[in-house]
Amino acid sequence: MPHTPSRHLAEGPRVGIRHFTYEDGAEFTARARESKDLHHPWLFPPDSVQAYEAYAGRLIEDRTKAGFLVCEKEPDEASRDTSGGAIAGFVNINNIVEGGFRSGALGYGAFAHAAGRGLMREGLDLVVRYAFGPMRLHRLEINVQPGNAASIALARACGFYLEGFSPRMLYIDGAWRDHQRWAITAETVTCG
């Protein structure tokens with residue numbers, strides 16, 4: 001059987017990362033609907049194809065954003081796509097600033113079928129290395145609500161350090177929410 005070239009920008013042992021496409025809408029939104037209990041009250045990924053198209057469009061077209069799907073490397077038997085596996089989660093770099101700052105703010109989420117399997121740790125490691133490599137960023141920040149233990153554990157496991165606390169930083173689920181700020185710079189990368 002001929003070797004099919006990978007669609008991934010970077011690969012680890014179990015996952016690869018690739019950019020969002022409009023064609024991912026059906027799978028992404030199905031995974032988001034299956035994961036509502038896992039995500040609430042921390043994040044609200046799009047769960048309809050129309051909402052996904054707007055969301056993905058911003059990640060695809062806006063130079064201040066970069067979206068990455070974390071995909072299992074083994075093909076998903078339930079999917080017709082044989083070039084890669086199921087979407088395990090996503091990592092987005094928002095508020096990308098170039099010039100002397102060269103930084104971005106990360107947001108991420110695992111889907112329920114992938115939670116607790118270490119796939120997002122591997123995926124976040126790949127995104128961090130991609131951001132500090134081909135994207136030429138210098139600093140990444142993750143803003144996490146203090147009660148989101150899983151997200152804090154992931155940030156810590158990937159070498160991010162607690163930088164500070166921002167009261168009422170982001171408007172989420174009808175209220176201004178406190179956040180911890182976790183950061184990493186190209187010189188301090190320990191993940192991978």
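Predicted model: local features only at pLDDT ≥ 70, side-chain atom pairs only at ≥ 80, totals over all residues.
Residues are numbered from 1 along each chain as its sequence is written, and side-chain values use heavy atoms, with hydrogens and water left out.

**View 1. Overall fold of the chain.** Five helices and eight strands make up the secondary structure; helices (H or I, at least four residues) and strands (E, at least two) are DSSP runs numbered from the N terminus. Their order from the N terminus is β-β-α-α-α-β-β-β-α-β-α-β-β. The C-alpha trace spans about 50 × 35 × 30 Å along its principal axes. The radius of gyration of the chain is 16 Å, in agreement with the value near 16 Å of a compact globule of 192 residues; the radius is taken over C-alpha atoms, and the globule rule is 2.2 Å times the number of residues to the power 0.38. Among contacts with a separation of 6 or more, 63% join residues 24 or more positions apart, where contact means heavy atoms within 4.5 Å.

**View 2. The largest nonpolar core.** A nonpolar core is a set of buried Ala, Val, Leu, Ile, Met, Phe, Trp, Tyr and Cys residues joined through side-chain atoms within 4.5 Å. Buried denotes under 20% relative accessible area, exposed over 50%, and partly exposed the range in between (1.4 Å probe, protein chains only). The largest core holds 34 residues, and Ile93, Leu124, Leu140 and Phe160 touch the most other members. Elements that give two or more residues to this core include β4 (87-97), β5 (103-110), α4 (119-132) and β8 (175-185). Helix α4 supplies the largest share, nine residues. A second, separate core of twelve residues includes Phe20, Tyr55, Phe90 and Phe111.

**View 3. Surroundings of Leu140.** Beyond residues up to four places away in sequence, Leu140 touches Ile93, Gly104, Leu106, Val128, Ala131, Phe132, Phe160, Trp182, Ala183 and Ile184.

**View 4. Leu119 in helix α4.** Leu119 lies in helix α4 and is buried, with a relative accessible area of 2%. Its contacts, leaving aside neighbours within four places in sequence, are Arg14, Val15, Val70, Glu72, Ala88 and Ala114. Glu72 is 47 residues from Leu119 along the chain, yet their C-alpha atoms are separated by 7.7 Å.

**View 5. The cis peptide bond at Pro41.** The bond from His40 to Pro41 is cis, with omega near 5 degrees. Pro41 is placed in the loop between α2 (36-39) and α3 (49-61).

View 6. Arg102, not a glycine, has a positive phi of about 40 degrees and is placed in the loop between β4 and β5. At 33% relative accessibility, Arg102 is partly exposed. For Arg168, phi is near 45 degrees; this residue is in strand β7 (residues 161-172) and is exposed, with a relative accessible area of 57%.
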